[in-house]
Amino acid sequence: FSDYNNVVWVDVPQFKDYEEERVGTSYVNVTEIKILQRALKELNASWGEGNQPKEVGIITFYGAQERRIRQMISRGDYPNLKIKIGTVDRFQGMEYPIVIISMVRNNSFGNVGHARVPERVNVAMSRAQELLILIGCGSLFCESAQRDATKIYSNIRTTIAGQGGMTDVHRFLMD
């Protein structure tokens, strides 16, 4: 991550291999969790040993995604980070130096789901004190069929892009 950006959007393309998966009434996006793992690895390495662990909040809009993140993220792999994982509603009133948001939804029918509610977007986007990392499908969120969401996310993407904070997803998916 660049030292010059306080907000980064890891833009996941609208591509079948990156789509969400329905789990009961909720959704999971494993591709986003893989990106999240790589981001945590970079943050852990950059923070370095000998410092107090850096607090990182991981926010998602879906309970199934939260559960899958807990299954796939081993906090022991990131000894320089103190990680809290939860849904957006659990982060109300909290702040963390670093916040990573897993947007989850990636589909071809223009549905951003819970992430269309302005109050939830506000809570998710306003929890970071130093660095905010969004992981999600920019084209879905900025060009969705849900006009209220489109305006919010288009403004967010324009601001992030203007600061050089758009990041290609392939940087995080290559082993």
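Aspartate 168 sits in strand 8; helices (H or I, at least four residues) and strands (E, at least two) are DSSP runs, numbered from the N terminus. With a relative accessible area of 47%, Asp168 is partly exposed. The cut-offs here are under 20% relative accessible area for buried, over 50% for exposed, and partly exposed in between, using a 1.4 Å probe and protein chains only. Along the chain, aspartate 168 and cysteine 137 are 31 residues apart, and their C-alpha atoms are separated by 11 Å.

This is a predicted model, so local features need pLDDT of at least 70 and side-chain atom pairs count only at pLDDT 80 or more, while totals for chains, interfaces and linings use all residues. Residues are numbered from 1 along each chain as its sequence is written, and side-chain values use heavy atoms, with hydrogens and water left out.

Threonine 167 belongs to strand 8 too, which covers residues 166-168. Thr167 has 16% relative accessibility and therefore counts as buried. Leaving aside residues up to four places away in sequence, threonine 167 touches Val8, Trp9, Val10, Asp11 and Phe172, where contact means heavy atoms within 4.5 Å.

Six strands make up an open sheet with parallel pairing, in the order 5-4-6-7-1-8. Two strands pair if DSSP finds at least two bridges between them. In general, the strands of a sheet pair through backbone hydrogen bonds, either parallel or antiparallel. Here the edges are strand 5 and strand 8, each pairing on one side only. On average, neighbouring strands of this sheet are turned by 20° against each other, direction ignored. For angles like this, axes are lines fitted to C-alpha atoms (for helices, over the stretch in contact), and angles run from 0 to 180 degrees between N-to-C directions.

With strand 5, strand 4 runs parallel and is joined by seven bridges, and glycine 57 has lysine 84 of strand 5 as its bridge partner. Strand 4 is largely enclosed by the rest of the structure, because six of its seven residues are buried.

Over in strand 5 you'll find isoleucine 83, which counts as buried because its relative accessibility is 9%. Not counting residues up to four places away in sequence, isoleucine 83 touches Leu40, Val56, Ile58, Arg75 and Tyr78. Between the C-alpha atoms of isoleucine 83 and glycine 164 there are 26 Å, with the two residues 81 apart along the chain.

## Helix 1 against helix 2

The axes of helix 1 (residues 30-47) and helix 2 (residues 63-72) come within 10 Å and cross at roughly 45°. That angle is why helix 1 counts as oblique to helix 2: under 35 degrees is roughly parallel, over 145 roughly antiparallel, 65 to 115 roughly perpendicular, and the rest oblique. The crossing is right-handed, so called when the near helix is turned clockwise from the far one by less than a right angle, with anticlockwise giving left-handed.

On the helix 1 side, Val30, Glu32, Ile33, Leu36 and Gln37 meet Gln65, Arg68, Ile69 and Met72 of helix 2. Sorted by class, this contact has five nonpolar, two polar and two charged residues. Nonpolar covers Ala, Val, Leu, Ile, Met, Phe, Trp, Tyr, Cys and Pro; charged covers Asp, Glu, Lys and Arg; the others, Gly among them, are polar.

## What the other helix residues pack on

Ala64, Gln65, Glu66 and Ile69 of helix 2 are buried. Their cover includes strand 2 (21-23), strand 3 (26-28), helix 1, strand 4 (54-60), strand 5 (81-87) and strand 6.

In helix 3, the buried residues are Val121, Val123, Ala124 and Met125, and they pack against strand 4, strand 6, strand 7 and helix 5.

Valine 104 lies in the loop between strand 6 (96-102) and helix 3 (118-125). Its phi is near 75°, a positive value in a residue other than glycine. Valine 104 counts as buried because its relative accessibility is 0%.
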